[in-house]
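Student: I have a model open and want to read its packing. Can we go through it piece by piece?

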Amino acid sequence: MCQNICNILKSQRFIINFNQCYKFTTNYSNISFKGAMANLEEAKKRAAYQAVDNHVENGNIVGIGSGSTVIYAVERLAHRIQAEKLTISCIPTSFQARELVIKHKLTLTNLDINPKLNVCIDGADEVDSNLNLIKGGGGCLLQEKIVASCADKLIIIADYTKNSCKLGDQYKKGIPIEVAPMAYVPIKYVLESKYKGQLVLRMAVNKAGPVVTDNGNFILDWKDFDQNLPWEQVNIEILQIPGVIDTGLFIKMADKAYFGMNDGTVTVQER
């Protein structure tokens, strides 16, 4: 049923998932916007604000994810800390997230000091109907996964364009795989031979050569993959290949996802 609805809505310039995993839709009307339809930035803001309001409490250790939607989460968190006099410590998942925390004058901590988090709030490149994720479009997948794994809850915030029935329905840039530089060619060969598709070395934009992650590694983007693969099993198998650091597949990790919709509401999906 989910796939049929997605096919119908493709003609409407966007795809949304009406799978039964949705529990409720909320009109988060305290954020003003112009016109009858919220744009993508407004949708991101609504999702981020509601997630922060619902899942962050005084005294929490909070993981701060990476990406464009997280900007609004940090903005909302900073507002709440000031208005409600909250005591919150933040663990960033990337250089970008760390800069956001510093910019808003929030308290920084790390996993050495606080190895257990109450919640991690992060974005996603795509979310399927089983709440599996593709992450790592911004190159921060390893640190994002480490921080998320240390949190009691992983809360995803995104706009409606990230909501799919199957991984690969909308996000066409591929599944990121972080690899040791010396191993990227053998890994590319193994994965293309076993799973088909194309493994493409991610190239930098403003420097010659490939993207280098915060951890000094390369990223292979797996494109044109079979959308019906058993992702939990595939993820385990990929991680066993020597030289693979981690993948952008976040399987059974997210607890809830907040999607800002184009009509001004926020839809929540949970496992």
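Student: Which strands does helix α5 lie across, and at about what angle does it run to β12?
Tutor: This is a predicted model. In it, helix α5 covers residues 141–149. The helix lies across β9, β11 and β12. Its angle to β12 is about 65 degrees.

Student: At about what angle does helix α7 run to β12?
Tutor: Helix α7 spans residues 231–239. It lies across β9, β11 and β12. Its angle to β12 is about 160 degrees.

Student: In what order do the four strands of the open sheet stand?
Tutor: Strands in a sheet pair through backbone hydrogen bonds, either parallel or antiparallel. Here the pairing is antiparallel. The order is β10-β11-β9-β12.

Student: Which strands stand at the edges of that sheet?
Tutor: An edge strand here has a single partner strand, so one side of it is left without a neighbour in the sheet. That holds for residues 198–201 and for residues 244–247. These are β10 and β12.

Student: How many bridges join β9 and β11?
Tutor: Strand β9 runs over residues 175–179, and β11 over residues 218–223. Glu178 stands opposite Ile219 in β11. The two strands pair in the antiparallel sense, and the number of bridges is five.

Student: Are α6 and α7 roughly parallel or roughly antiparallel?
Tutor: Helix α6 covers residues 184–195. It packs against α7 at about 150 degrees, with the axes 12 Å apart. Angles over 145 degrees count as roughly antiparallel. So α6 and α7 are roughly antiparallel.

Student: Which residues of α7 make the contact with α6?
Tutor: The crossing of the two helices is right-handed. From α6, the contact uses Leu191, Lys194 and Tyr195. From α7, it uses Val234, Glu237 and Ile238.

Student: What distance separates the C-alpha atoms of Gly123 and Gly65?
Tutor: Along the chain, the two glycines are 58 residues apart.

Student: Which side chain makes a polar contact with the side chain of Thr265?
Tutor: Thr265 lies in strand β15, residues 265–270. At 14% relative accessibility, Thr265 counts as buried. Its side chain makes a polar contact at 2.7 Å, and the partner is the side chain of Asp263.

Methods. Residues are numbered from 1 along each chain as its sequence is written. This is a predicted model: local features need pLDDT of at least 70, side-chain atom pairs count only at pLDDT 80 or more; totals for chains, interfaces and linings use all residues. Side-chain values use heavy atoms; hydrogens and water are left out. Buried means under 20% relative accessible area, exposed over 50%, partly exposed in between (1.4 Å probe, protein chains only). A polar contact is a pair of N or O atoms within 3.5 Å; within protein, one must be able to donate a hydrogen and the other to accept it, and residues adjacent in sequence count only if both atoms are side-chain atoms. Two strands pair if DSSP finds at least two bridges between them. Contact means heavy atoms within 4.5 Å. Axes are lines fitted to C-alpha atoms, for helices over the stretch in contact, and angles run from 0 to 180 degrees between N-to-C directions. Angles under 35 degrees count as roughly parallel, over 145 as roughly antiparallel, 65 to 115 as roughly perpendicular and the rest as oblique. A crossing is left-handed if the near helix is turned anticlockwise from the far one by less than a right angle, and right-handed if clockwise.
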